[in-house]
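Thanks for coming, everyone. Please take a look at the structure, and then I'll walk you through a few spots.

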Amino acid sequence: MGGLILPDAAWRSRSGLDRLCAVLGPGAARFVGGAVRDTLLGIDVADIDIATVLPPEDVLDLLRASGIKAVPTGLAHGTITAVLAESPVEVTTLRRDVATDGRHATVAFTRAWEEDAARRDFTINALYADPITGEVFDYFGGVEDLAARRVRFIGDPLQRIAEDHLRILRFFRFHARFGETVDAAGLAACGARANDLMALSRERIAAELLKLLLADNAVPTVALMIEQGIFRPVLPEIVEADRLARLATREADSGTAPNPIRRLAALLPADATIAEDVGARLRLSKLDRRRLFSATQPAGDVPARAIGYTLGPDLATDRLLLSDRPLADVESIAGWQPPRLPVSGGALVERGVRKGPEVARLLRAIEAEWVREGFPEQPRLDEIVESALDQWRRFSSNA
């Protein structure tokens, strides 16, 4: 282990964390996983996880006796959530796998740190640190893999994937975020077992894929996945990454934050039917399915802000970025709030229009011209209204 000490970081000073560790007892608990990994990489930490030798019932009793709110979020799997002032912390009893089926695991509790580390997916996720001394515990070469920017399975990759099929997608997601050198054994195993993804719920596949698409190295990683045939069993529509690469460049050049649904749209053919099918298959939310469908539609030659007015800035940004339109069009709606039509049905009724469908039709005509002209203010708006009223009067008199 080399005597490596976890660097000090802001998250280690979160309110209540020291007290939580003291309640669990010296030597009984260690920080584990992402918080340790990201701190060693100098990355900001969001979530804190603690591993402990204590049985979950003991953890629950200790926290409640000390006045720390404790929620038994996963008691059967050994997880208690300690609700602290700044953020919740998951405290999980050390575990070893008893049985796995590719989707779920039956576990038994243990007091052996190395057994707990051995059941984790990648070496870089099996790092522990003492909360008092900061000493880092590395049982499978995770620190070396971090330095090499390499994502490597613990043990035999084929066996680890057989235990949990989702590890295929996690391998690529973590590579997209942390990797530079691709681990050959892991890559080969993922390709060999790609059909295992068919056994997973589409919700789990979607969750991993959408996280992957936001990673810094998403484009080359997706290209690698296509090359290895990873998508073929569950998303055969994804066959090339050229549009994703182009989109990522346009996002960066326009200063637009990446969006995973927009990036998913870039991986699919520009076909609304396919977008609808993929959205349903992945069990996306109604909002995300609408966004995916919208992104497949052409931007046309309508002014950018007219698209933004009709669709809203987010959906308009998707269409413009995925099109050949100049980036100036994208920039023109960045941070822009579409105005509201400053004409009401009541104002038209006061001008003699009968209540009912005629008011709605007239408002739509006024709105269409107002949008087409770029949302002019008075006096041009008054002219648009008057012109629409004149046409309505002529039509009414001839009816």
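First, a term: buried means under 20% relative accessible area, exposed means over 50%, and partly exposed is in between, using a 1.4 Å probe and protein chains only. Asp 196 has a relative accessible area of 16%, so Asp 196 is buried.

A word on the source. This is a predicted model, where local features need pLDDT of at least 70, side-chain atom pairs count only at pLDDT 80 or more, and totals for chains, interfaces and linings use all residues. Residues are numbered from 1 along each chain as its sequence is written, and side-chain values use heavy atoms, with hydrogens and water left out.

Back to Asp 196. Where is it found? In the loop between helix H8 (184-192) and helix H9 (202-212). Helices (H or I, at least four residues) and strands (E, at least two) are DSSP runs, numbered from the N terminus. Asp 196 touches Ile 161, His 165 and Ile 168, leaving aside residues up to four places away in sequence. Contact here means heavy atoms within 4.5 Å. Take His 165: 31 residues from Asp 196 in sequence, but 5.9 Å in space, C-alpha to C-alpha.

Now the aromatics. Rings of Phe, Tyr and Trp (its six-membered ring) pair if their centres lie within 6.5 Å; planes under 30 degrees apart are stacked, over 60 edge-to-face, and the rest tilted. The whole structure holds 13 aromatic pairs. Take Tyr 128 and Tyr 139: centres 5.9 Å apart, planes at 75°, so this pair is edge-to-face. Tyr 128 is in strand S8 (residues 127-129), and Tyr 139 is in the loop between strand S9 (136-138) and helix H5 (142-148), so the pair ties together parts 11 residues apart in sequence. Tyr 128 is buried, at 0% relative accessibility.

Next, Phe 171 and Phe 172. Their ring centres are 5.3 Å apart and their planes are at 90°, so they are edge-to-face too. Phe 171 is buried at 1% relative accessible area, and Phe 172 is buried at 0%. Both belong to a cluster linked by ring pairs, together with Phe 122, Phe 153, Phe 174 and Phe 178.

Last stop: Arg 30. Which rings does its charged end sit over? Trp 113, at 4.0 Å from the ring centre, and Phe 137, at 3.5 Å. The rule: NZ of Lys or CZ of Arg is within 6 Å of the ring centre and within 35 degrees of the ring normal.
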